[in-house]
Amino acid sequence: MDMKIIDVAKRAGVSPATVSRVFNESNLVKERTKQKVMKAIEELGYFPNAAAKQLRSQKTMTIGVVVTDINISYNAEIIKGIENIAYSRKYKVLICDTNNQKDKEQDYLSLLMNRTVDGMIFVAPHLKNQVLIDLAEKKYVIGLIGRYIEHSHIPCAYTDNVKFSKEVVEHLLERGHKEIAFMSGYADVVDSYERLEGYIKALRDREISFRPELIENGNFNEEGGYEAIKRLFSRKQPFSAIYAANDEMALGIYKACQELGMQMPEQLAIVGVDNDRICKYIRPSLSTVNQPKYTMGALIAEKLIDQMNDDEFSNQRIFNVDSKLIIRQSSDFYI
């Protein structure tokens, strides 16, 4: 008997015969047991070709979309682009909200591997590159948004975080700011560390020292931004501007500044990222970076559906979509 099947059985706490039944999609296996086996397969990296082929034998006409937080408008716009294209091609969309929990992201892989969905789009995932490459190598259909991997079967759409972050900081420097704080999102998400990288590069280009005490983590949401800016203020380290890695956190900064009676941008200039619809309506209107979120979602959905139906792989798989700094009242002030 194949020792790998035995390994899967031991990991799942079932018999080798049960593992074989799962591979053959037997109705005798309870769903809970099937999920345990699929999780063991994932953990061991065991994807037998015959089983994978069997698991992919029927279409569900469904695409899974894994996002870190469905409440963030960035994700909502991407989902809208995916859903509109999917609907036009007679596909359904299954939204998988991880709430930034890595375990949930791993669990959602079972939807792909047990054929609950035909393909899956990951929006700025925590998953390591090798995990995603292994899935593609086993012919599971996946796409990425907000991050890219060099692989012939993985379509990706992203914006250049480092480039536009440098533009944000350069804009603030040109307005006379020397002490600029940075508010990151989740520490292990690519958007966070790439935007931090752009921030640091812009400072170094102007020979301004990087000050770690001016960095805080706001978890990409309004409440996180509110708490993070209060922590920055409590350190009594002077700064006249702040670059927030998304607009949700910038709204939290607004709330804290209004409570403290601070004038923006005279006492604190603010720039966010995403160009949420509310940005131009709040006062002062928020400077931000526009990312074509809907376009990225629609683009990857189209490429993924083509791949699932016709095994067509576009010559261009990686799409670096242009972003644009939009200067509004919150930072358009010279000190």
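Reply:

**The open sheet and the loops**

Strand β1, which covers residues 62-67, pairs with β2 in the parallel sense, and six bridges link the two. One of the residues involved is threonine 62, whose bridge partner in β2 is lysine 92. In this predicted model, the pair belongs to an open sheet of six strands, arranged in the order β2-β1-β3-β4-β5-β11 with parallel pairing. Because β2 (92-97) and β11 (318-320) stand at the edges and each has a single partner strand, one side of each is left without a neighbour in the sheet. Neighbouring strands of this sheet are turned against each other by 15 degrees on average, if direction is ignored.

Asparagine 99 is not a glycine, yet its phi is positive, at about 55 degrees. Most residues other than glycine have a negative phi, and most peptide bonds are trans. With a relative accessibility of 43%, asparagine 99 counts as partly exposed.

A second residue of this kind is aspartate 274, again not a glycine, with a positive phi of about 125 degrees. Aspartate 274 sits in the loop between β9 and β10, and its relative accessibility of 3% is under the 20% limit, so aspartate 274 counts as buried. The loop between β9 and β10 (288-290) also holds proline 284, which is joined to arginine 283 by a cis peptide bond with omega at about -5 degrees.

Another cis peptide bond runs from methionine 264 to proline 265, with omega near 5 degrees, and proline 265 lies in the loop between α11 and β9. Glutamine 263 is found in the loop between α11 (247-260) and β9 (269-271) as well, and its relative accessible area of 46% makes it partly exposed.

Of the 335 residues in the chain, 54% are buried, and among contacts with a separation of 6 or more, 70% are between residues 24 or more positions apart.

Technical notes:
Residues numbered from 1 in each chain as written. Predicted model: local features only at pLDDT ≥ 70, side-chain atom pairs only at ≥ 80, totals over all residues. Heavy atoms only, no water. Buried < 20%, exposed > 50% of the residue type's maximum accessible area, 1.4 Å probe, protein only. Contact = heavy atoms within 4.5 Å. Pairing = 2+ DSSP bridges. Helix = DSSP H or I, 4+ residues; strand = E, 2+ residues; numbered from the N terminus. Axes fitted to C-alpha atoms, helices over the stretch in contact; angles between N-to-C directions.
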